[in-house]
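Reader: I would like to go through this structure term by term. For each label, please give the cut-off and then the value.

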Amino acid sequence: MERISIKKKKLSFFTKTPPVRNQGICGSCWAFAGADVFASRASLASKNIPLKPVSTSYILDCMRDEKCDGCNGGLPGRAVKFLNTEGATTEEHYREYDET
């Protein structure tokens with residue numbers, strides 16, 4: 001197995017991770033985590049595309065299953081799977097997050 005050296009690649013994780021956002025009183029940390037993981041992976045995978053935060057509202061509005069229920073909690077891995085399957089959008093193209 002080939003080992004990857006971060007020293008050789010000089011990755012700046014500060015440019016490959018979205019800024020911290022406030023989830024407010026909504027139990028949506030799972031959606032924020034999933035959205036940020038997806039955005040970071042997309043940015044790392046495509047060297048020329050700048051990082052754009054994924055819409056957490058899109059995940060909360062459109063994803064429902066037995067393990068994920070909006071502000072009532074969910075699993076970050078399921079959010080990433082949802083975005084991989086259904087596609088992702090930014091808050092600029094969906095709607096701004098509302099913590100209620």
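Reader: What makes the contact of Asp 65 and Arg 78 a salt bridge?

Author: A salt bridge needs a side-chain nitrogen of Lys or Arg within 4 Å of a carboxyl oxygen of Asp or Glu. The side chains of Asp 65 and Arg 78 meet at 3.1 Å, N to O. That value is within 4 Å, so the pair counts as a salt bridge. Asp 65 lies in strand β1 (residues 64–65) and Arg 78 in helix α4, so the pair ties together parts that are 13 residues apart in sequence.

Reader: On what basis were these values computed?

Author: This is a predicted model, where local features need pLDDT of at least 70, side-chain atom pairs count only at pLDDT 80 or more, and totals for chains, interfaces and linings use all residues. Residues are numbered from 1 along each chain as its sequence is written, and side-chain values use heavy atoms, with hydrogens and water left out.

Reader: Why are Asp 65 and Arg 78 called partly exposed?

Author: Buried means under 20% relative accessible area, exposed means over 50%, and partly exposed is in between (1.4 Å probe, protein chains only). Asp 65 has 29% relative accessibility, so it counts as partly exposed. Arg 78 has 28%, and therefore gets that label too.

Reader: What other salt bridge involves Arg 78?

Author: Glu 66 and Arg 78 meet through their side chains at 3.3 Å, N to O. Glu 66 lies in the loop between β1 and β2 (68–69) and Arg 78 in helix α4, so this pair links parts 12 residues apart in sequence. Glu 66 has a relative accessible area of 65%, so it is exposed.

Reader: How many salt bridges are there, and which one links distant parts of the chain?

Author: The structure holds 5 salt bridges. One of them joins the side chains of Arg 21 and Glu 91 at 3.6 Å, N to O. Arg 21 is in the loop between α1 (6–9) and α2, while Glu 91 is in the segment after α4, 70 residues apart. Arg 21 is partly exposed because its relative accessibility is 23%. Glu 91 is partly exposed because its value is 25%.

Reader: How do you know which elements to count?

Author: Helices (H or I, at least four residues) and strands (E, at least two) are DSSP runs, numbered from the N terminus. The protein has 4 helices and 2 strands. From the N terminus on, they run α-α-α-β-β-α.

Reader: Why is Cys 68 called buried?

Author: Cys 68 has 0% relative accessibility, so it counts as buried. Cys 68 is found in strand β2.

Reader: What does Cys 68 touch?

Author: A contact means heavy atoms within 4.5 Å. Leaving out residues up to four places away in sequence, Cys 68 touches Trp 30, Met 63, Gly 73, Gly 74, Leu 75 and Arg 78.

Reader: What makes a set of residues a nonpolar core, and which residues have the most contacts inside the largest one?

Author: A nonpolar core is a set of buried Ala, Val, Leu, Ile, Met, Phe, Trp, Tyr and Cys residues joined through side-chain atoms within 4.5 Å. The largest has 17 residues, and those with the most contacts inside it are Trp 30, Val 54, Ile 59, Met 63 and Leu 83. Two or more residues each come from α2 (29–45), α3 (56–62) and α4 (76–86). The largest share, 6 residues, comes from α2. Among the residues that Leu 83 touches are Gly 34, Phe 38, Val 54 and Ile 59.

Reader: How much of the protein is buried?

Author: Buried residues make up 30% of the 100 residues. Among contacts between residues at least 6 apart in sequence, 69% join residues at least 24 apart.

Reader: Why is Ala 33 called partly exposed?

Author: Ala 33 has a relative accessible area of 31%, so it is partly exposed. Its place is in helix α2.
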